[in-house]
Number of protein chains: 2
Amino acid sequence: MAEKVSVGLIGCGVVGGGLVRALSRNGALMASRLGAQISVERIAVRDLSKNRDLPVEPAIFTTDWMSIATDPAIHLVVELVGGTDTAREMILTALRHGKSVITANKALICEYGEELFEEAEKNGVNLYYEASVAGGIPIIKALREGLIGNRVQRLYGILNGTCNYILTQMKNKGWDFDYALAEAQRLGYAEADPALDVDGHDTAHKAGILASLSYGFWVRPDQVHTEGIRGLDILDIQFAARMGYTFKLLAMVKPNLAAPVSQNGARPFSPVQVTVFPTLLPEDHVLANVNGVFNAVFVQGDVVGETLYYGPGAGADATASAVLSDLADAALDIKCDSAGRVPAFTPHEEDGEVQDIDSVVCPFYLRLQVMDRPGTMANIASILGDLNIGISSMFQPEGHEGDRVPLVLMIHDARHDAMREALKKIGQLDVVFGDPVMIRVEPFDPLPVLAD
Amino acid sequence: MAEKVSVGLIGCGVVGGGLVRALSRNGALMASRLGAQISVERIAVRDLSKNRDLPVEPAIFTTDWMSIATDPAIHLVVELVGGTDTAREMILTALRHGKSVITANKALICEYGEELFEEAEKNGVNLYYEASVAGGIPIIKALREGLIGNRVQRLYGILNGTCNYILTQMKNKGWDFDYALAEAQRLGYAEADPALDVDGHDTAHKAGILASLSYGFWVRPDQVHTEGIRGLDILDIQFAARMGYTFKLLAMVKPNLAAPVSQNGARPFSPVQVTVFPTLLPEDHVLANVNGVFNAVFVQGDVVGETLYYGPGAGADATASAVLSDLADAALDIKCDSAGRVPAFTPHEEDGEVQDIDSVVCPFYLRLQVMDRPGTMANIASILGDLNIGISSMFQPEGHEGDRVPLVLMIHDARHDAMREALKKIGQLDVVFGDPVMIRVEPFDPLPVLAD
């Protein structure tokens with residue numbers, strides 16, 4: 001009954017295997033929902049001899065990806081090899097041969113998205129990448145279709161399951177960073193080289209994609225100010241918990257609220273803060289309660305208000321679910337001859353720009369190691385005061401170590417450049433030891449209400 | 001640059017007004033995202049003299065909805081009048097005149113969906129109803145597009161903001177039902193006649209729609225076993241809280257896990273439990289923490305795992321956001337000539353059926369008013385034991401009232417018919433006063449893992 005859509009798969013590791021199994025199990029169901037049957041006809045792998053134990057004919061495997069990307073009998077190509085060199089070539093080749101492409105490759109989309117989208121449009125095909133952000137959560141569809149009538153007022157994402165697992169265990173079990181990372185590696189949540197995850201780059205790629213879709217200008221990875229969670233001190237997690245805060249590695253995308261409002265009262269789009277760093281959230285906020293390897297994206301739109309999307313952010317099955325969603329969209333676009341119906345990317349603000357980190361304003365948590373003697377606080381307070389930085393509360397935990405004591409300061413809204421200047425001066429005081437620890441706080445204050 | 005899509009609006013109350021305002025504010029943005037301009041050209045209302053203060057020309061208002069539903073210059077009709085009589089006629093008329101229709105009318109979709117979808121298909125147009133369930137949360141798009149590759153293993157919804165506000169205030173502020181309802185009415189969260197909300201019918205309409213989309217056979221409102229929250233006793237909310245449970249009015253959609261598994265190990269689709277009743281949830285579950293007027297839908301798919309969608313469930317703006325999403329889809333379908341791309345409804349299991357409430361199995365909370373004398377518990381326990389109903393724990397709160405004391409029993413998984421039989425017999429004991437209170441418990445136990 002159903003039309004057949006022939007799919008070529010390039011790469012058949014964990015996600016590819018999950019995809020083939022899910023299609024084998026639910027392919028008939030999808031066909032009844034779609035009115036089109038999705039059939040994996042060819043699979044390119046590096047090593048034919050590997051035992052994959054997949055429910056497909058061995059004859060469909062090849063080591064020659066080019067033969068798939070150029071095969072006239074293949075309608076759609078799914079790229080699941082990762083990396084940004086060969087993968088880019090694979091996708092460009094398939095697009096140039098008139099095939100729409102589906103990818104889960106966030107690094108590639110973030111870095112080379114504009115080139116790939118242009119090539120897709122030029123060839124009258126499309127590029128689908130739901131699986132590139134937040135695994136099984138259909139956030140790209142929600143953002144650009146479900147919330148299409150909204151200006152995004154702010155977007156926060158917990159987008160890396162490895163980091164969220166580590167932070168959850170540090171808080172709940174009191175593990176230090178190294179132990180939590182080792183456990184994550186033992187459980188398969190973290191790679192042997194964890195840099196991409198724990199240093200925030202993976203989150204930055206996803207933040208760039210979500211920011212681009214929200215604000216309509218392409219944000220490249222080097223524009224995303226990125227700090228990871230490596231070496232986060234358990235002491236800060238514990239002090240923060242005592243004050244009612246939880247640590248999350250948070251992607252933040254939001255327009256600069258201090259920018260002038262336009263004449264008709266509309267909140268301007270730009271410049272837009274696009275950042276990734278460890279952040280303190282009030283522990284009763286819904287995002288603070290997203291634990292373990294789960295991801296979540298909080299989107300506040302000017303029409304809809306506050307919404308949240310939660311689910312597994314990684315893993316073979318969750319990612320396969322997102323690829324299946326793209327396969328369905330692509331199959332429908334083939335069936336209805338509507339390849340550009342929802343283009344891979346639509347610019348809508350040509351003058352959009354990323355806000356410089358120096359001008360980003362937020363509250364801060366500051367921990368210093370200071371000498372326990374009269375005048376210390378006066379020295380620190382006068383440096384902050386001179387720079388117009390306000391202290392909202394202070395906290396001197398118990399427990400001394402000789403004459404050195406920790407001092408925690410909560411800072412009112414301040415600019416990053418002012419804070420940097422203050423920390424430089426504070427670090428030069430002879431009553432302060434080592435580097436100050438500076439963590440941003442996101443209080444989720446209500447947005448100012450504007451007249452219509 | 002952009003094609004124009006001409007929209008006729010029938011009904012311009014709270015949601016209609018919100019829609020017109022949102023389009024006025026964000027219409028240019030949507031046009032840049034869509035490549036098509038959505039323009040409200042005509043609006044049908046009952047009373048022309050009402051002051052609406054909307055940013056449109058007064059000349060576009062009419063009292064004659066028929067002239068809009070039949071106007072060849074109108075491409076899309078948005079029905080926002082509510083009710084199931086005239087609204088049905090309006091939609092049928094527009095569909096028969098070759099116009100796709102967008103509606104937020106859950107009662108109409110649930111009751112007459114099949115007739116309307118058939119009429120849409122017959123005329124080569126479509127019917128869009130994202131706004132009919134869970135307000136601004138794009139749950140229909142998530143369910144039938146984002147999760148299209150999944151078998152829904154279970155779906156839970158908090159779908160009525162009025163009830164959720166009342167339950168939240170009863171728990172957090174200790175208000176009784178009548179006071180919480182009066183406050184909801186005062187704040188505009190509840191209608192003067194609150195029956196549709198507090199008796200669960202509104203939730204049942206939405207549950208029917210979500211069940212239909214998940215399992216591919218149409219579930220009519222009279223098939224949804226529905227109990228509301230009217231008269232819920234603050235005592236039970238307090239007792240439940242002491243045991244770590246929170247009350248929610250929960251829509252539940254899940255296949256009968258006790259049904260035989262098919263030969264290939266696949267979990268069968270049917271019969272499917274589709275119910276609405278007050279339910280006790282473990283207080284640390286994410287759904288137990290959806291508070292106030294917010295809605296949330298928890299969907300567990302066999303590929304993706306656990307996902308959650310959260311946002312405002314009602315109100316002019318949230319509903320307008322969902323209507324805008326449908327307007328965008330409809331505009332793209334006009335632009336791409338792809339009206340049936342994602343049909344209003346696609347059956348995929350012809351033999352699907354709703355599970356009879358008698359065979360639904362779950363744990364229960366039971367509160368009895370009993371005489372405080374020896375032998376009372378033995379009498380009750382032997383009735384439960386004879387029916388193979390197991391007691392998991394007991395709780396006798398302090399505080400007497402003469403010789404009458406409350407007795408709370410937590411019951412292991414039991415069938416509804418067995419529980420009904422037990423309660424009948426227990427109610428006849430001369431040591432038991434008044435009607436027993438019976439509340440279902442949803443423990444969110446992990447699903448059994450099946451071989452691939």
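A: Two residues are in contact if their C-beta atoms, placed from the backbone, lie within 7 Å. By that criterion, 47 residues of chain A are in contact with 47 residues of chain B. Helix 1, helix 5 (139–146), strand 12 (305–312) and helix 11 (316–335) of chain A each supply at least two residues of the side of chain A that touches chain B; helices (H or I, at least four residues) and strands (E, at least two) are DSSP runs, numbered from the N terminus. Sorted by class, this side of chain A has 21 nonpolar, 16 polar and ten charged residues. Here Ala, Val, Leu, Ile, Met, Phe, Trp, Tyr, Cys and Pro count as nonpolar, Asp, Glu, Lys and Arg as charged, and the others, Gly among them, as polar.

This is a predicted model: local features need pLDDT of at least 70, side-chain atom pairs count only at pLDDT 80 or more, and totals for chains, interfaces and linings use all residues. Residues are numbered from 1 along each chain as its sequence is written, while chains are lettered from A and ligands numbered from 1 in the order in which they are written.

Chain A is superposed on chain B by a rotation of 180° with 0.0 Å of shift along its axis (RMSD 0.0 Å). That is the relation of a two-fold axis.

A:Tyr309 has B:Tyr309 as its bridge partner in strand 12 of chain B. Strand 12 of chain A and strand 12 (residues 305–312) of chain B run antiparallel and are joined by three bridges; two strands pair if DSSP finds at least two bridges between them.

Helix 1 (residues 14–34) of chain A lies across strand 1 (3–10) and strand 2 (36–44) of chain A, at about 160° to strand 2. Axes are lines fitted to C-alpha atoms, for helices over the stretch in contact, and angles run from 0 to 180 degrees between N-to-C directions. An open sheet of six strands in chain A has the order 3-2-1-4-5-6, with parallel pairing. Its edge strands are strand 3 (61–62) and strand 6 (127–128), each pairing on one side only.

Definitions and conventions: Copies are superposed by least squares on the C-alpha atoms of residues with pLDDT of at least 70 in both.
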